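This briefing goes through a protein model by topic. Please look at the sequence and the structure before reading the points that follow.

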Amino acid sequence: MHKRRKTIEHQWLELMDIRGGLSTEDQRRLEALEIGHEGECTFDFWMERYGDEQWRVYRDIWIDAGGPTQVDTMVVTETGVFIFDVKNYSGDYAYLNGRWSVNGRPIIKDIFVQLKRSMEKVHLMLRQIDLSLQAEGLIVFINEHFTFESEAGIDERFVMRHTLKKHLQTMDEGSVVMRMPIDMLCRRIESYFIDNPYPAPACDDDVYSRLKKGVRCAGCGGFRHMVMRYHLKCLGCGNKEAKERAVLRSICEYGVLRNDRNLRVRNIIHFVDNIVSERYVRFLLAKHFEAISRGKHAAYKNMRQVWEYCDINVTSKYKDRKI
Ligand SMILES: [Zn+2]
């Protein structure tokens with residue numbers, strides 16, 4: 001399984017922020033996603049450390065079983081299927097008389113509802129695969145600055161940070177071993193996986209036209225460069241980066257920001273603020289991206305993710321370095 005990645009919405013918000021196009025509402029959304037992602041990555045770390053190597057771990061998946069649902073983490077072991085919904089909340093939370101409160105103030109949100117909905121779909125999926133399959137759903141409160149007071153009876157629905165290690169070490173000690181070989185079960189489960197069915201946020205032409213254009217320095221985030229034959233040198237921090245990598249990185253940024261369209265030479269040139277020639281962009285697109293249509297108005301497949309997640313091999317021999 002690959003490492004957990006930021007969702008396309010998260011990547012889009014980050015790039016909108018960097019390029020000066022984030023609304024106040026989006027700013028709050030980005031902060032919430034950052035906190036959530038950080039919590040999930042912490043959970044992944046614990047899982048890798050204390051989980052069993054034999055487990056199959058699926059991260060940030062969507063399944064369709066009588067409707068789509070998103071699952072943060074699904075673990076398939078010899079004894080069953082475990083679903084984890086990680087919450088990186090901080091503060092004093094309470095769940096009393098069926099109501100939530102934070103630091104003494106009531107909140108309307110039901111923290112269990114997302115997991116409850118996911119579990120309905122997961123149970124439905126497993127019933128279709130094999131009636132004997134068991135699934136367990138748990139909320140993980142991962143933040144160390146979190147306290148929780150609750151009424152009796154819901155203890156088995158959550159794990160606190162200080163009990164997570166023990167939980168991971170003991171959770172599949174159940175005696176029931178599944179009848180189906182784990183490989184086969186995973187293949188059956190994977191057949192329910194779908195892409196996120198909800199459209200990613202995209203910017204309209206008006207918002208896009210106001211975004212900062214150019215290649216963003218990988219070192220300091222600045223946009224001013226000196227363009228050399230094989231590399232770009234940042235005028236802000238002196239960072240040097242292979243030209244091929246810097247432009248590819250920017251093409252991927254464009255791809256996330258404008259995830260609702262294909263890649264075209266003219267649009268990329270505009271996005272990188274004419275820092276390189278049209279010929280060079282045409283060459284990079286043809287070399288690294290799948291062609292959808294050729295000719296004068298050639299279009300290439302948008303990978304819709306940032307450079308770090310794209311599996312692109314840069315052949316430039318130029319070594320990045322700071323001076
Ligand atoms: Zn710089």
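Two strands pair if DSSP finds at least two bridges between them. Strands (E, at least two residues) and helices (H or I, at least four residues) are DSSP runs, numbered from the N terminus. The model is predicted: local features need pLDDT of at least 70, side-chain atom pairs count only at pLDDT 80 or more, and totals for chains, interfaces and linings use all residues. Residues are numbered from 1 along each chain as its sequence is written.

- V227 stands opposite L232, a residue of β12.
- Strand β12 (residues 231-234) pairs with β11 in the antiparallel sense, over three bridges.
- Both belong to an open sheet with the order β11-β12-β13 and antiparallel pairing.
- β11 (225-227) and β13 (240-242) each have a single partner strand and stand at the edges, so one side of each is left without a neighbour in the sheet.
- On average, neighbouring strands of this sheet are turned by 25° against each other, direction ignored.
- Helix α7 lies across β12 and β13 and runs at about 80° to β13. For such angles, axes are lines fitted to C-alpha atoms, for helices over the stretch in contact, and the angles run from 0 to 180 degrees between N-to-C directions.

**Domains**

- The protein is divided into domain 1 (8-194) and domain 2 (212-309), with bounds that come from an automatic or database domain assignment.
- The centres of the two domains, taken over C-alpha atoms, are separated by 36 Å.
- Seven residues of domain 1 are in contact with ten residues of domain 2, where contact means that the C-beta atoms of two residues, placed from the backbone, lie within 7 Å.
- On the side of domain 1 that touches domain 2, four residues are nonpolar, two are polar and one is charged. In this count, Ala, Val, Leu, Ile, Met, Phe, Trp, Tyr, Cys and Pro are nonpolar, Asp, Glu, Lys and Arg are charged, and the others, Gly among them, are polar.

**Nonpolar cores**

- A nonpolar core is a set of buried Ala, Val, Leu, Ile, Met, Phe, Trp, Tyr and Cys residues joined through C-beta atoms within 7 Å. A residue is buried if 20 or more other C-beta atoms lie within 10 Å of its own, exposed if 12 or fewer, and partly exposed in between, with C-beta atoms placed from the backbone.
- The largest nonpolar core has 29 residues, and those with the most contacts inside it are W12, V247, I251, V256, I268, V272 and L285.
- At least two residues of this core are supplied by each of α1 (8-18), α7 (243-257), α8 (265-271) and α9 (278-288).
- α7 gives the largest share, eight residues.
- Domain 1 and domain 2 each contribute at least three residues to this core.
- W12 is in contact with A200, P201, V256, L257 and N259, leaving aside neighbours within four places in sequence.
- Another core, of 26 residues, lies apart from the one described above and includes V75, V81, L115 and L168.

**Helix α1**

- The buried residues of α1 are I8, H10, Q11, W12, L13, L15 and M16, and they pack against α2 (24-50) and α7.
- Just after α1, G20 takes a positive phi of about 75°.

- Strand β4 (residues 91-96) runs antiparallel to strand β5 (residues 99-102), and four bridges join them.
- Y95 has W100 of β5 as its bridge partner.
- The hairpin of β4 and β5 has two residues between the strands, and N97 in the turn has a positive phi of about 50°.
- β5 also pairs with strand β6 (residues 105-107), in the antiparallel sense and over three bridges.
- W100 has I107 of β6 as its bridge partner.
- The hairpin of β5 and β6 has two residues between the strands, with N103 in the turn at a positive phi of about 50°.

**Single residues**

- M119 is found in helix α3 (residues 113-129) and is partly exposed, with 19 other C-beta atoms within 10 Å.
- Not counting residues up to four places away in sequence, M119 touches I83, A135 and G137.
- D60 lies in strand β1 (residues 56-64) and has a phi near 45°, a positive value in a residue other than glycine.
- D273 is placed in the loop between α8 and α9, and its phi is near 55°, also positive in a residue other than glycine.
- D273 counts as partly exposed because it has 14 C-beta neighbours inside 10 Å.
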